Amino acid sequence: MKISVLTLFPDFIRSLTNYSMVGRAINDKILDFEVIDIRDFAINKYLQVDDYPYGGGPGMLMQAKPIVESIESCKSDKSKVYYLSPQGKVLTQEKLLELRDEEHLILLNGHYEGIDQRVIDNYVDEEISIGDYVLTGGEIASMVVIDGVTRLLDGVLACEDSFSDESHFNGLLEHPQYTRPKDFRGYTVPEILLSGDHEKIRKYRLRESIKNTLLKRPDLIKNKTLNEEETQILNDLLEGGKDNGYN
């Protein structure tokens, strides 16, 4: 996979290459990563990339020319251009899996009051948001996308289970996790996790995953199609928290 990031702050984005997982993916040639400075395509010697919006209003708007030329400098028939914007669809694990399968992602980062709408209408394939709030620019949102996609690439993590058991991967939040020591200041690890009974541990973790989701993100439960086992566990929890021998 190749990821190209278009930004006014290239050094900020390049800091990702020092981050263990992304850096490892680049060094192992799993990820082809480039950062393009939009100011390299500025309209004049003063490196101007913004101007006042037509019709008035506060702030400055990024101009079409520098952005479009920066897109054209790296775009091919296999590229998809994504603009990081609070007006986009909110990023999900499902979307990250979809992005993982693309050959070339171009991540466009706006700044100031945004970018000329003609860029969005004619040169952007899709807008992506990382949440219902506004940031100063798109760079942090791009980093979220890069991190989320990179860890899904084959060969980046030690095994697929490293991400397939995590929160949101299967529509549920992850079950609680514990490590040594067994007893920390009187707080102990659930005995079933020490039992060595893999089937009981699997059922326990599934129950705790559903319980976690029900308590913290009930909206996810509503949107997930549960299988027979998951439905039974959910019904037991709603009826009063039967443990069915998992504890």
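Helices here are DSSP runs of H or I with at least four residues, and strands are E runs of at least two, both numbered from the N terminus. With that settled, S209 sits in helix α8 (residues 198-216).

This is a predicted model, where local features need pLDDT of at least 70, side-chain atom pairs count only at pLDDT 80 or more, and totals for chains, interfaces and linings use all residues. Residues are numbered from 1 along each chain as its sequence is written, and side-chain values use heavy atoms, with hydrogens and water left out.

**Around S209**

Is S209 buried or exposed? S209 is buried, at a relative accessible area of 8%; the cut-offs are under 20% for buried, over 50% for exposed and partly exposed in between, using a 1.4 Å probe and protein chains only. A polar atom of the S209 side chain lies 2.5 Å from the backbone oxygen of L173. If you skip neighbours within four places in sequence, S209 is in contact (heavy atoms within 4.5 Å) with L172, L173, E174 and H175.

Helix α4 covers residues 93-100, and its buried residues are Q93, K95, L96 and L99. Looking down the axis of α4, these fall within an arc of 155 degrees, so they line one face of the helix. That arc is taken from the directions from the helix axis to the C-beta atoms. The buried residues of α4 pack against β5 (79-90), β6 (104-109), β7 (126-129) and α6.

**Salt bridges**

How many salt bridges turn up in a search of the whole structure? There are 14, each being a side-chain nitrogen of Lys or Arg within 4 Å of a carboxyl oxygen of Asp or Glu. Here are some of them:

| Pair | N to O distance |
|---|---|
| D101 and R100 | 3.1 Å |
| E191 and K182 | 3.5 Å |
| E199 and R202 | 2.9 Å |

In the D101 pair, D101 is exposed at 58% relative accessible area, while R100 is partly exposed at 23%. E191 is exposed at 52%, and K182 is partly exposed at 45%. E199 and R202 are three residues apart in helix α8, about one turn of the helix. E199 is partly exposed at 38%, as is R202 at 36%. Elsewhere, salt bridges with shared partners tie K95, E98 and E126 into one network.

Most residues other than glycine have a negative phi, and most peptide bonds are trans. Against that background, R180 and P181 are joined by a cis peptide bond with omega about 5 degrees. P181 lies in the loop between α7 (161-164) and β8 (183-184).

Two non-glycine residues have a positive phi: K29, near 60 degrees, and Y112, about 55 degrees. K29 is in the loop between α2 (20-27) and β2 (32-37) and is exposed at 74% relative accessibility. Y112 is in the loop between β6 and α5 (117-123) and is partly exposed at 37%.

Definitions and conventions: A polar contact is a pair of N or O atoms within 3.5 Å; within protein, one must be able to donate a hydrogen and the other to accept it, and residues adjacent in sequence count only if both atoms are side-chain atoms.
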